[in-house]
Amino acid sequence: MSTTETGHSISETQLASAIRVLSMDAVQAANSGHPGMPMGMADVATVLFRDVLKYDPAAPRWADRDRFVLSAGHGSMLIYALLHLTGYARPTLDDIRNFRQLGSPCAGHPENFELEGIEVTTGPLGQGLAMAVGMAIAERHLNAHYGDALVDHRTWVIAGDGCLMEGLNHEAIGLAGHLGLGRMNVLWDDNRITIDGDTSMSTSEDIMARYAATGWHVSACDGHDFADIRRAMDEALADDRPSLIACRTVIGKGAPTKQGSHSVHGSPLGAEEIALARLGLDWTHAPFELPDALVAAWREVGTRSRSVRGDWETRLAANPRGAEFTARMVGELPADTGIAAYIDGLLAKPQTVATRKASEMALGPLTENIPAMIGGSADLTGSNNTKTKSTGPLTSDDYSGRYIYYGIREFGMAAAMNGMALHGGVIPFGGTFLVFSDYCRNAIRMSALQHARVIYVLTHDSIGLGEDGPTHQPVEHVMSMRMIPNLDVFRPCDTIETAECWQLALENANGPSVLALTRQNLPQLRSEGGMLSAKGAYLLRPAIAPRKAVIVATGSEVEIAVNVRDMLEADGIGVDVVSMPSWSRFMAQDAAYRDALLPHDVLRVSIEAGVTFGWEAITGIAGLRFGIDSFGASAPAEVLYDHFGLTAAKIAPQIRAALGHH
Ligand SMILES: Cc1ncc(C[n+]2csc(CCOP(=O)(O)OP(=O)(O)O)c2C)c(N)n1
Ligand SMILES: [Mg+2]
């Protein structure tokens with residue numbers, strides 16, 4: 001029972017009914033959405049938000065709040081109802097009335113950029129849980145650096161059968177079990193129903209055994225028995241392993257004729273069923289009308305951690321490192337990242353190295369000056385060159401480390417990095433081969449959608465990796481990643497550009513970046529500083545003879561472009577070489593800048609060791625595009641570049657011919 005100031009007693013059942021009714025009414029009004037999950041998990045969520053979760057609706061960004069992740073994002077009405085009832089400023093009842101309509105923050109699935117209190121964007125099943133692993137890592141890491149006084153919270157997840165069935169789940173819980181993330185607790189909506197019907201149609205897995213085998217504490221409860229739910233949560237709190245609680249529930253609980261069936265998963269209940277549900281729940285109020293006493297009881301629930309937060313604010317104010325902690329949580333970079341001095345050194349002493357090596361060199365000063373950076377790799381540390389002197393391993397024995405051995409878990413790594421970035425206080429970067437970005441592509445997309453500052457170090461970025469052959473040689477990847485909105489894809493051509501791109505990626509606090517880096521050595525082409533990469537593309541080598549062509553290239557092909565130019569200039573054909581480390585940054589420049597760099601009265605040519613698809617936007621349809629529109633092959637890199645026609649000797653004559661010089 002919760003007793004309000006007015007003396008009314010409101011039972012847990014009534015608190016949960018408010019969630020059920022709001023959910024079924026909102027879905028009905030929108031004529032779309034998922035009533036089954038919120039109605040089924042209403043009791044579990046009521047216990048969590050009433051008795052266990054540490055949060056303060058008046059201070060949604062309180063750094064030491066528990067993180068709550070609704071991994072079963074289709075049940076978004078559950079979190080909208082909870083945020084409203086516990087007293088967050090938004091969503092209002094009107095917002096909920098407009099569930100799923102344009103402009104309402106109550107979007108189809110929970111979106112972290114729409115509402116305070118929504119920590120991560122969920123809907124792609126499995127990723128919420130996998131992001132929660134990253135949040136739990138960030139919590140332990142910051143705890144190791146700032147102590148219990150400032151960092152001492154938990155990560156709670158509600159996940160459905162789907163989240164547990166996805167392959168990503170295996171990666172995520174393996175990592176969490178290995179790192180011993182005991183402050184992570186998963187409430188599994190064990191309703192044995194998915195869209196197609198009974199889970200027995202598609203799975204016979206012993207989920208509890210699987211979790212136990214990866215080092216998790218597992219238990220079960222009756223998800224409609226408040227005392228039993230509380231008991232299971234207490235057990236999870238007491239256990240120092242990550243916990244899975246199988247909450248046995250009935251999907252759509254409260255819908256008298258439809259509950260327990262997949263028909264309540266994703267369709268409105270209908271007026272008749274809703275009327276019957278109202279009778280059963282003893283609910284006499286009209287849609288979107290909540291009785292005052294019930295609202296008061298829920299608001300009181302929302303104040304449970306207010307004094308805990310007050311005490312924390314006092315500790316923060318008294319802590320000598322309080323200001324540093326706050327700056328770190330909001331994602332500030334130090335005024336000097338060390339990159340400028342490092343670039344000066346390169347200008348004084350040019351280096352011929354692979355850009356993956358140049359990345360490691362840039363990471364030296366960056367990781368030294370930016371303690372928030374946490375690196376890692378999906379088992380390719382020595383190839384991705386992601387480890388630096390400043391970043392010791394983060395392990396279950398020492399969470400203060402700044403380097404994570406993610407294992408061969410590309411998707412798990414990317415999702416964890418999203419969770420880390422959205423937790424705040426850390427800036428994650430992680431590596432794999434560019435070709436395996438497909439394994440984690442949806443998490444990269446989710447970084448972009450969620451405005452998460454995650455930096456992907458994707459090496460071996462073309463046929464230039466050589467002998468490993470077409471399975472390992474990305475062809476379509478760079479261009480296809482450029483299609484993801486709010487993702488900055490960098491393909492630097494030398495040491496200086498690599499350093500600039502790292503700095504730009506770090507400064508981009510509102511989204512992820514990809515650094516596509518070579519395995520093979522490249523000469524240092526730049527002889528001046530100036531952060532020229534910031535505009536996405538710039539004139540690297542101006543024509544000497546009267547200009548007839550502009551060659552635009554990226555990464556390792558800029559060297560080829562320079563060689564082509566030298567050959568043509570020797571024949572008196574003037575050629576500009578434009579280096580384009582970031583397509584999206586260039587496209588964001590004004591027309592004057594773009595047209596000056598790529599004038600329409602000369603032949604425009606592109607060179608990139610990947611698909612030519614898309615380069616028409618740069619060259620115009622009349623221009624020339626050199627690339628690879630097939631899979632690669634196994635051979636040494638130089639042999640492949642010749643085989644695929646990407647050499648100065650093969651390209652120069654074609655430009656000459658196109659210009660009418662035979
Ligand atoms: C990666 C992914 N695949 C498919 C879907 C579509 N989808 C949404 S909910 C759902 C079924 C999920 O079942 P469960 O987690 O048991 O949820 P419940 O039906 O119990 O609410 C599916 C397949 C999705 N959202 N994400
Ligand atoms: Mg289910």
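Let's start with arginine 100, which counts as partly exposed because its relative accessible area is 26%; buried means under 20%, exposed over 50%, and partly exposed is in between (1.4 Å probe, protein chains only). Keep in mind that this is a predicted model, where local features need pLDDT of at least 70, side-chain atom pairs count only at pLDDT 80 or more, and totals for chains, interfaces and linings use all residues. Residues are numbered from 1 along each chain as its sequence is written, chains are lettered from A and ligands numbered from 1 in the order in which they are written, and side-chain values use heavy atoms, with hydrogens and water left out.

- Arginine 100 sits in the loop between H5 and helix H6 (127–146); helices (H or I, at least four residues) and strands (E, at least two) are DSSP runs, numbered from the N terminus.
- Although arginine 100 is not a glycine, it has a positive phi of about 70 degrees.
- Asparagine 486 isn't a glycine either, yet its phi is positive, at about 60 degrees.
- You'll find asparagine 486 in the loop between helix H20 (477–482) and strand S15 (488–490), and it is partly exposed, with a relative accessible area of 37%.
- Going from arginine 90 to proline 91, the peptide bond is cis, with omega near 0 degrees.
- Proline 91 belongs to the loop between helix H4 (76–86) and helix H5 (93–97).
- For background, most residues other than glycine have a negative phi, and most peptide bonds are trans.

**Around ligand 1**

- Ligand 1 is surrounded by 15 residues, and the closest are His74, Gly123, Gly162, Asn191 and His265; a residue gets onto this list if one of its heavy atoms lies within 4 Å of the ligand.
- Sorted by class, that shell has six nonpolar, seven polar and two charged residues; here Ala, Val, Leu, Ile, Met, Phe, Trp, Tyr, Cys and Pro count as nonpolar, Asp, Glu, Lys and Arg as charged, and the others, Gly among them, as polar.
- A polar side-chain atom of histidine 265 lies 2.5 Å from an oxygen atom of ligand 1.
- A backbone N or O atom of glycine 162 lies 2.8 Å from a ligand 1 oxygen atom, and for isoleucine 193 a backbone N or O atom also lies 2.8 Å from an oxygen atom of the ligand.

**The magnesium ion**

- The protein donors of the magnesium ion (ligand 2) are Asp161 (OD), Asn191 (OD1) and Ile193 (O), lying 2.1 to 2.2 Å from it; donors are N, O and S atoms within 2.8 Å of the metal (3.2 Å for Na, K and Ca), and water is not among the atoms, so sites may look incomplete.
- Aspartate 161 lies in helix H7 and isoleucine 193 in strand S6, so this pair ties together parts that are 32 residues apart in sequence.
- Aspartate 161 counts as buried because its relative accessibility is 8%, and isoleucine 193 is buried too, at 9%.

**Rings and a buried loop residue**

- Tyrosine 403 and tyrosine 405 form an edge-to-face aromatic pair, 5.1 Å centre to centre with 65 degrees between the planes; rings of Phe, Tyr and Trp (its six-membered ring) pair if their centres lie within 6.5 Å, and planes under 30 degrees apart count as stacked, over 60 as edge-to-face and the rest as tilted.
- Tyrosine 403 is buried, at 0% relative accessibility, whereas tyrosine 405 is partly exposed, at 46%.
- Leucine 394 is buried, with a relative accessible area of 4%.

Technical notes: Polar contact = N/O pair within 3.5 Å; in protein donor to acceptor, adjacent residues only side chain to side chain.
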